[in-house]
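Have the structure open as you read.

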Amino acid sequence: MVLRTVDASTFMTSFLRQCGGSAVIDGGLATELERHGADLNDPLWSAKCLISSPRLIRRVHLDYLEAGANIIISASYQATLQGFEAKGLSKEEGETLLKKSVQIACEARDIYNERATKGSWDNSADGITPNPRPVLVAASVGSYGAYLADGSEYSGIYGDNITLETLKDFHRRRVQVLADSGADLIAFETIPNKMEAKAYAELLEEEAIKIPAWFSFSSKDGINVVSGDSIEECALIADSCETVIGVGINCTPPRYILGLIKSVRRVTTKPVLIYPNSGETYDAERKEWVPSTGVTDVDFVSHVEKWQEAGASLIGGCCRTTPNTIRAISKALSISKSDGSA
Ligand SMILES: [Zn+2]
């Protein structure tokens, strides 16, 4: 498929054009698996379902496609060869599971295409978006802190022993396997600090990764990334990387997003993507979300127009958002497309 050829300057802009100007990213995958009864209290988190319930993963991807997503993100966020090894799996078995995460997402896309072609799902209500909608599969890569499952995913503090080289070596094989898995792009998600962004950027070059990637950072104050590193410095690393086709923010409360879009836009002209979480707080010690600290889908969607005006062209949701959130985002974006304001 043409979209797999890395022509960084046109890959995302031509995809966005096909989508009518802006694209919808899916919503939380792990938390949605949980809502359907999966027990993710495990160092592998959602990657556990690659072993125990692949059909549920496919169903959740399909739910997001049905809700209007143009990009679905694989269940490889916390799937690491090191994590699988700790469970007694061989390197080969681990690599097979990584590829399986992308295969499951591709299967969901095939099913969606078939159903939409037959007309059972008509998402072309805005008269602009084709039916079936164009869909990309992004292979998720979560941070080293996500693998540690010790809270450092949201502090970005890895200690003095962890260097740029440690991080590159940690991620190297996984990135190679995912780049070769049939995914359209790699989504480096929830990046907590500048060093990890640098590690990803250097890996993409050193390994001559052939598919595009996006870099998405998380923040807990709306000013810096979670480690306290400057969002602008982080976004600049992404900007300087030729095969990076989008830069943005995910798993961050909606109230912080507008300011962060502006910061990212100050340092890059690459497409800006955002997929905030529901705004609920995660209690890392108890390993649970604190309900009632979040926003409703209506509140969430009330921001979409401002985010778009500020320059975000890919919008979705992260943890604790659901297909309903994505349906509402998709509707809000369709309205702006048919207004001609996209
Ligand atoms: Zn999240």
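This is a predicted model: local features need pLDDT of at least 70, side-chain atom pairs count only at pLDDT 80 or more; totals for chains, interfaces and linings use all residues.

## Helices α4 and α6

Start with helix α4, which covers residues 54–67, and helix α6, which covers residues 91–117. Their axes are 9 Å apart, and the two pack at an angle of about 45°. An angle between 35 and 65 degrees is neither roughly parallel nor roughly perpendicular, so α4 and α6 count as oblique to each other. The crossing of α4 past α6 is right-handed.

Who touches whom here? On the α4 side you'll find Pro-54, Ile-57, Arg-58, His-61, Leu-62 and Leu-65. They meet a set of α6 residues that includes Lys-100, Ile-104, Ala-105, Tyr-112 and Arg-115. Sort the residues of this contact by class and you get nine nonpolar, five charged and one polar.

## Helices α9 and α10

Now move along to helix α9 (residues 194–206) and helix α10 (residues 231–239). Their axes come within 9 Å and cross at roughly 0°. That angle is under 35 degrees, which means α9 is roughly parallel to α10.

From α9, the contact uses Lys-194, Ala-197, Lys-198 and Ala-201, while α10 brings in Glu-233, Cys-234 and Ile-237. Four of the residues in this contact are nonpolar and three are charged, with no polar ones.

## The largest pocket

Time to look for empty space. Rolling a probe the size of a water molecule over the atoms shows where it is left.

The largest pocket has a volume of about 470 Å³. Its lining is made of 20 residues, and those nearest the centre are Leu-40, Trp-45, Tyr-282, Lys-287 and Glu-288. The lining splits into nine nonpolar, eight charged and three polar residues.

## The cavity

How many cavities of 30 Å³ or more does a search of the whole structure find? It turns up one. The largest cavity holds about 200 Å³ of space.

Methods. Residues are numbered from 1 along each chain as its sequence is written. Side-chain values use heavy atoms; hydrogens and water are left out. Axes are lines fitted to C-alpha atoms, for helices over the stretch in contact, and angles run from 0 to 180 degrees between N-to-C directions. Helices (H or I, at least four residues) and strands (E, at least two) are DSSP runs, numbered from the N terminus. Angles under 35 degrees count as roughly parallel, over 145 as roughly antiparallel, 65 to 115 as roughly perpendicular and the rest as oblique. A crossing is left-handed if the near helix is turned anticlockwise from the far one by less than a right angle, and right-handed if clockwise. Contact means heavy atoms within 4.5 Å. Ala, Val, Leu, Ile, Met, Phe, Trp, Tyr, Cys and Pro count as nonpolar, Asp, Glu, Lys and Arg as charged, and the others, Gly among them, as polar. On a 1 Å grid over the protein atoms alone, a cavity is a set of points where a 1.4 Å probe fits but cannot get out, and a pocket is an open set with protein on both sides within 12 Å along at least five of seven lines; lining residues have an atom within 4 Å of a point. Grid points are joined across faces, edges and corners, and a volume is the space filled by probe spheres set on the points.
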